[in-house]
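Please open the model in your viewer and keep the sequence panel beside it.

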Amino acid sequence: LTRRAASSVLLLPLLTTPAGLRAHAAVKFEGGAEAAQRAAALLPGYGPPDALYPAAFRGRWRVVVQVVDVRTPQGEESAPAAQLRAARTAAAAAAPLVFDARFLNAEGSGGVILQSEGSASLATRPVAGRVRADRGFNTEQRAAAQVGSARPVAQWEAGSPNVLTLTDGLGGVREVKIIKRLVEEPYDGAYGVSEFARYTAATSAGDLKSSPSVLAQRVQTKYKWEPGRPSQPATRIEAVEIAVLASGFGDPAGAVPLL
């Protein structure tokens, strides 16, 4: 597909919900795999079910990312060196980061929207089948597009969507395990995802067992596009992404932002 999604990081206006928007709730029809994941999410350590995106995301995209700001609230000496170096390099690049991403059909994700029309009545409208991000492919493609990358390899499974491991080709390993996820869909043509994760990184000296650093990671992404017909993919999606690495993984409320 010859479509493009533009994404910027930090300091761009976020989406807001229009005044007077009626409340609504989604009622989904789940398939066996999705229902099992949702039930397993109640078990300690499994994590939340994966985010399901609107049908507008379906297919393969060419993503253009422009880093517009990099901040180190506690000073550069406190920020993780490798991640700070990569962020500075991306921000200083003459051209944006360009890579492919894809969103695949999710099993059994149809349903209806129950929309409040008053204190005593409800109206319904259909929800087209949803899609999920191919997180392994997307992460690998994004890492490979960065300056100095060395054939990164990502490991991720849709059946266990909260754990992703990326090997950078030089022996360095990163593991991201999502602990909390919040999804919002305030109106047609808008979608947001916020994910809090444990971010573990080991240097090229060894694997995750060799003195890894463990940080808290929060990534918030807001998307918007021009709504079309139900179940039809969009032709362009714009996004704002804010990514934060912080110390104090064990206490999300007390985590100190580093980068």
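What follows is a sequence of selections, each with a description of what is there.

Before selecting anything, note that this is a predicted model, in which local features need pLDDT of at least 70 and side-chain atom pairs count only at pLDDT 80 or more, while totals for chains, interfaces and linings use all residues. Residues are numbered from 1 along each chain as its sequence is written, and side-chain values use heavy atoms, with hydrogens and water left out.

**The whole chain**

Begin with a cartoon of the chain, which contains 3 helices and 14 strands; helices (H or I, at least four residues) and strands (E, at least two) are DSSP runs, numbered from the N terminus. Of the 259 residues, 39% are buried, where buried means under 20% relative accessible area, exposed over 50%, and partly exposed in between, with a 1.4 Å probe and protein chains only. The accessible surface comes to about 14,000 Å², and 56% of this surface belongs to carbon and sulfur atoms; the areas come from the Shrake-Rupley method with a 1.4 Å probe, and for residues only the protein chains shown count as cover. Among contacts (heavy atoms within 4.5 Å) between residues at least 6 apart in sequence, 66% join residues at least 24 apart.

**The nonpolar cores**

Next, select Tyr53, Phe57, Phe103, Tyr191, Tyr223, Trp225 and Ile237, the residues with the most contacts inside the largest nonpolar core, which has 20 residues. A nonpolar core is here a set of buried Ala, Val, Leu, Ile, Met, Phe, Trp, Tyr and Cys residues joined through side-chain atoms within 4.5 Å. Now colour strands E3, E4, E7, E11 and E13 (236-247), each of which supplies at least two residues of this core; E4 gives the largest share, 4 residues.

Centre the view on Tyr191 and display its neighbours: leaving aside residues up to four places away in sequence, Tyr191 touches several residues, including Leu52, Tyr53, Pro54, Arg130, Val183, Glu185, Tyr223 and Trp225. Another core, of 14 residues, lies apart from the largest one, and Val70, Ala197, Tyr199 and Ala201 are among its members.

**Strand E9 and its two partners**

Select residues 160-167, strand E9, in which Asn162 is found. Strand E8 (residues 153-157) pairs with E9 in the antiparallel sense over 4 bridges, two strands being counted as paired if DSSP finds at least two bridges between them. The two form a hairpin with 2 residues between them, and Glu157 has Ser160 as its bridge partner in E9.

Turning to strand E10 (residues 173-184), you will find that 5 bridges join this strand to E9, again in an antiparallel arrangement. Here Lys177 of E10 is the bridge partner of Val163, and the hairpin of E9 and E10 has 5 residues between the strands, with Gly169 taking a positive phi near 90°.

Where does the side chain of Asn162 place a polar atom? Such an atom lies 2.7 Å from the backbone oxygen of Pro48, and Asn162 itself is buried, with a relative accessible area of 3%.

Which parts of the chain does the pair of Asp50 and Arg135 link? Show both side chains, which meet in a salt bridge at 3.0 Å, N to O. The pair links distant parts of the chain, 85 residues apart, with Asp50 in the loop between helix H1 (32-40) and strand E3 (59-67) and Arg135 in helix H3 (residues 135-145). A salt bridge is a side-chain nitrogen of Lys or Arg within 4 Å of a carboxyl oxygen of Asp or Glu, and the structure holds 15 of them. Asp50 is buried at 9% relative accessible area, and Arg135 is buried at 14%.

Move on to Asp100 and Arg62, whose side chains meet at 2.6 Å, N to O. Asp100 lies in strand E4 (residues 97-105) and Arg62 in strand E3, 38 residues apart; Asp100 is buried at 14%, whereas Arg62, at 37%, counts as partly exposed.

Last, select Arg130 and Glu185, which form a salt bridge at 3.1 Å, N to O. Arg130 sits in the loop between strand E6 (122-127) and strand E7 (131-133) and Glu185 in the loop between E10 and strand E11 (190-202), so the pair ties together parts that are 55 residues apart in sequence. Arg130 is buried at 11% relative accessibility, while Glu185 is partly exposed at 28%.

Key: Polar contact = N/O pair within 3.5 Å; in protein donor to acceptor, adjacent residues only side chain to side chain.
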